[in-house]
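Work through the exercises below with the sequence and the model open. Try each task before reading its solution.

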Amino acid sequence: MPAPTTVPELLDRLRKSGLVPADRLEGFLAELQTANRIPASPPIMLERLVEAGLITRFHAEKLATGKYKGFQLGSYLILDQLGSGGMGQVFLAEHAHMRRLVALKVFPPNSYDMVARERFFREARAAGTLDHPNIMRVFDLCQEGKLLYLVMEYVEGVSLQTLVGHFGPLEVATACHYARQVAFGLHHAHEMGFVHRDIKPANLLLDRAGLVKILDLGLVRSEADAASGLTKQFDNKSILGTADYVAPEQAIDSSKVDSRADIYSLGATLYFLLTGRPLFPGGRTAQKLVWQQIKEPMPVDGLRPEVSRELAAVVHRMLQKRPSDRFRTAAEVFDALAPFDSDDIPLPNPSLLPEPAARVAMARGTTPAPASSRTTGSTSHIVVAALRTGTGSSSGIRKGRTGDSVTDSGKLAVMPSSSHNQIPTLASQTDAVAADDTQRTPQPDRVSDSPTPSVIPAPMTLIVALAVALALALLGIVILLLRT
């Protein structure tokens, strides 16, 4: 339809769109009429509707062009477009009844690429299996007509790529803190049999509380798929990953890589966070893929004097050309970076995280907490986030160390210390969860080893009860006979 030229035409399209409940819209219009503030043109009316929180600017832009259809997808009302790419478009949406904000990743409706379609399903299966505070959660895979879409957790945040692009290299402790969170999430994914294969700053989202989320599982490799040959079938025609962060072995055969490929990519990401540049800033994609095989990047401490020799050695080991020369697991990376982390990491700069629009804030139901009351991004809060969701390492459980304690609320209290080496490891975090569960779960009654039981067994109890009842009955008969 053509763009509306009058306010009545605009309101007619708005009513047909179903974006605003009829009673709310009529109430809003009545207030404007009472105040004699009915706008004279569609653009001004749209601005008033946005300010009142009835629609978003995304809605306003579409309505201004005459569009009023397509805002509803299944049970969700689309509020905004968050991004787009080869794997589809991502929208911010609100559940029509639950009022929960989610992100919808919509597969291109006209795409007949079977490889892309299989990767979309693979992402859904992988994300649906994983449940970790440092991995973006997927709630459902839905179909509406010909449209396939994922219902995902919505997080207000900024990518680490954007963060460095705006402010340059991060503080050393901050960079290591964010990298440890990624390692924490990867450890969970690897334990569940998944390799991400596209870890890079653009796929790592930092939220307001300083929590880093791993995004985009579209290139994930599953051990189950590998066993069935699906990985080889769908991956052998192209190089998967991003040239600046792809592991050397992944550039040769993406279908055979293991978790150590993610460790290389995380090392390249940490290098970027510390230096503000990729491993090989010049050259074309083909050249970078070759350099990943044969060329050593400039040492990170050569570009950033604040980086200690010990931290440079950790990054260097993550970036080894041969997988066998790297850390074996993401848990080892998490522990190796612990001495360079800090318990006093500042929150993300609020200028990169603007307050949500009035319509979005209304859907969320609450306004952001003041900065002073928000959770910091300190190391202990990585642990707290894990404890709240019951995630963590499931292997190598061992007794927690002195200095770590679990409170009644389920939060891990890390005792102050001048040494970063006392930061809990993945295993000790799991111990804390297990200890908390032990404290909260009633223990079964133990059978006494004493030869003289303190509790009468059930059969004996029944016999005694019958004897007492019989004696009482006889006593009653005797008393009755004596009275007569």
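**Exercise 1. Surroundings of A312**

Task: Find which residues A312 touches, not counting residues up to four places away in sequence.

Solution. A312 touches V300, D301 and V307; contact means heavy atoms within 4.5 Å. This is a predicted model, in which local features need pLDDT of at least 70, side-chain atom pairs count only at pLDDT 80 or more, and totals for chains, interfaces and linings use all residues. Residues are numbered from 1 along each chain as its sequence is written, and side-chain values use heavy atoms, with hydrogens and water left out.

A312 is found in helix α14. Helices (H or I, at least four residues) and strands (E, at least two) are DSSP runs, numbered from the N terminus. Then check burial. A312 has 10% relative accessibility, so A312 counts as buried. The cut-offs are under 20% relative accessible area for buried, over 50% for exposed, and partly exposed in between (1.4 Å probe, protein chains only). Last, take a C-alpha distance.

**Exercise 2. Packing of α11 and α14**

Task: Describe how the axes of α11 and α14 cross, and list the residues that make the contact.

Solution. Two packed helices are described by the angle between their axes and the distance between the axes. Start with the geometry. The axes of α11 and α14 (residues 309-318) come within 8 Å and cross at roughly 140°. Axes are lines fitted to C-alpha atoms, for helices over the stretch in contact, and angles run from 0 to 180 degrees between N-to-C directions. The two helices are therefore oblique to each other. Angles under 35 degrees count as roughly parallel, over 145 as roughly antiparallel, 65 to 115 as roughly perpendicular, and the rest as oblique.

Now the residues. From α11 come I263, Y264, L266, G267, L270, Y271 and L274; from α14 come L311, V315 and M318. By class this contact holds 9 nonpolar, 1 polar and no charged residues. Here Ala, Val, Leu, Ile, Met, Phe, Trp, Tyr, Cys and Pro count as nonpolar, Asp, Glu, Lys and Arg as charged, and the others, Gly among them, as polar.

S259 is buried because its relative accessibility is 18%. Beyond its neighbours within four places in sequence, S259 is in contact with H190, V195 and R328.

**Exercise 3. Packing of α1 and α3**

Task: Work out at what angle α1 and α3 pack and how far apart their axes are.

Solution. Helix α1 (residues 7-17) packs on helix α3 (residues 42-51) at about 45°, with the axes 9 Å apart. That makes α1 oblique to α3. For the residues, V7, L10, L11 and L14 of α1 meet P42, M45, L46 and L49 of α3. The class count is 8 nonpolar, no polar and no charged residues.

**Exercise 4. Two buried loop residues**

Task: Locate L353 and Y245, and decide whether each is buried or exposed.

Solution. L353 lies in the loop between α15 (330-336) and α16 (358-364). Its relative accessibility is 6%, so L353 counts as buried. Leaving aside neighbours within four places, its contacts are E156, G157, V158, L206, D207, R208 and P348. L353 and R208 are 145 residues apart in sequence, and their C-alpha atoms are 7.2 Å apart.

Y245 is in the loop between α9 (230-235) and α10 (248-252). Y245 is buried, with a relative accessible area of 6%. Residues that Y245 touches, not counting those up to four places away, include I199, K200, P201, Y264 and F272. The C-alpha atoms of Y245 and K200 are separated by 6.3 Å, at 45 residues apart along the chain.

**Exercise 5. Positive phi**

Task: State the phi of R99 and of R197, then place each residue.

Solution. Most residues other than glycine have a negative phi. R99 has a positive phi near 60°. R99 lies in the loop between β3 (88-95) and β4 (101-106). R99 is partly exposed, with a relative accessible area of 47%.

R197 has a positive phi of about 70°. Its loop runs between β8 (194-195) and β9 (204-207). R197 counts as buried at 2% relative accessibility.
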